[in-house]
Amino acid sequence: TTWAPTWAPTDAPTDAPTTWAPTWAPTDAPTDTPTTEAPTAAPTWAPTYQNHAISWGYNVSGASITITAGESVTWFWDQLPAIDHNVVSGVWHSPPAASEGAEFESLLQSSGNFTHTFTQAGTFPYFCRPHYVFMIGTITVISAPTSAPTDWPTASPTAVPSTSTPTWSPSMPPTTLMPTWSPSADPTYAPTDAPTTWAPTWTPT
């Protein structure tokens with residue numbers, strides 16, 4: 001028979017195959033910028049009006065005031081002694097002029113009150129007819145504002161953050177999950193059982 005050696009590597013590779021694990025990254029990282037709500041309506045502005053009070057009698061220290069067009073003045077007969085007075089618009093004349101009482105005029109009375117609303121801007125003198133020498137005063141009326149003051153609150157939008165949530169997928173999924181590896185060294189081969197000396201033996205037939 002013929003002998004042939006068999007060969008096996010003397011230094012089989014020792015490297016273990018590496019394993020692959022996917023890394024994950026968002027496929028649609030949120031890019032939304034905050035949205036804004038529609039502005040809410042600013043408060044409606046309208047001029048406010050007051051009713052001004054004047055104590056009417058011999059003491060006229062508070063008889064001249066400044067108000068805004070559209071406001072009212074009320075005279076009160078609250079001073080002592082309680083004697084008859086009235087309120088007459090204009091300047092006293094003798095004999096009385098047509099302008100006296102043209103804007104307003106109260107009854108002659110010793111108590112109670114009288115109110116007049118001033119709708120136009122201007123200067124309105126007045127007096128007490130029985131005591132015209134010293135019971136006088138002036139109502140100065142300025143124009144009502146036509147627009148809101150500069151510090152009036154205005155509507156402004158409010159930022160609302162986005163609520164989108166990203167979805168996730170592997171960064172580079174493999175087509176086939178097969179490890180790749182290479183040996184640490186090229187193997188060398190040697191026969192497994194080479195004979196030391198070979199010679200045939202014969203047996204007579």
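This dialogue walks through how to read some features of the structure above.

Q: What kind of model is this, and how are residues numbered?
A: This is a predicted model, in which local features need pLDDT of at least 70, side-chain atom pairs count only at pLDDT 80 or more, and totals for chains, interfaces and linings use all residues. Residues are numbered from 1 along each chain as its sequence is written, and side-chain values use heavy atoms, with hydrogens and water left out.

Q: How many helices and strands does the protein have?
A: Helices (H or I, at least four residues) and strands (E, at least two) are DSSP runs, numbered from the N terminus. Here there are 0 helices and 13 strands.

Q: Which strands make up the open sheet, and in what order?
A: Two strands pair if DSSP finds at least two bridges between them. The open sheet has 3 strands in the order β4-β6-β8, with mixed pairing. β4 and β8 (113-117) are the edge strands; each has a single partner strand, so one side of each lacks a neighbour in the sheet. From one strand to the next, the twist averages 20 degrees. Such angles run from 0 to 180 degrees between N-to-C directions, with axes as lines fitted to C-alpha atoms.

Q: Which pairs run parallel or antiparallel?
A: β4 and β6 run parallel, joined by 5 bridges. Ser 55 has Phe 76 in β6 as its bridge partner. β6 and β8 run antiparallel, also with 5 bridges. There, Thr 74 has Thr 115 in β8 as its bridge partner.

Q: Which side chains of β4 are buried?
A: Buried means under 20% relative accessible area, exposed over 50%, and partly exposed in between (1.4 Å probe, protein chains only). The side chains of β4 (residues 51-55) alternate. His 52 and Ile 54 point to one face and are buried. Over the 205 residues of the protein, 18% count as buried.

Q: Which residues have the most contacts inside the largest nonpolar core?
A: In soluble globular proteins, nonpolar side chains tend to be buried together. A nonpolar core is a set of buried Ala, Val, Leu, Ile, Met, Phe, Trp, Tyr and Cys residues joined through side-chain atoms within 4.5 Å. The largest one has 18 residues, and Trp 56, Trp 75, Val 87, Phe 118, Tyr 126 and Ile 139 have the most contacts inside it. β6 (72-76), β9 (122-127) and β10 (136-142) each supply at least two of its residues.

Q: What is Val 87 in contact with?
A: Contact means heavy atoms within 4.5 Å. Leaving aside neighbours within four places in sequence, the partners of Val 87 include Trp 56, Trp 75, Phe 104 and Tyr 126.

Q: How many aromatic pairs are there, and how is one read?
A: A pair of aromatic rings is described by the distance of the centres and the angle of the planes. Rings of Phe, Tyr and Trp (its six-membered ring) pair if their centres lie within 6.5 Å; planes under 30 degrees apart count as stacked, over 60 as edge-to-face and the rest as tilted. The structure holds 10 such pairs. In one, the ring centres of Trp 75 and Tyr 126 are 5.3 Å apart and the planes are at 75 degrees, so the pair is edge-to-face. Trp 75 lies in β6 and Tyr 126 in β9, so the pair ties together parts 51 residues apart in sequence. Trp 75 is buried at 0% relative accessibility, and Tyr 126 is buried at 2%.
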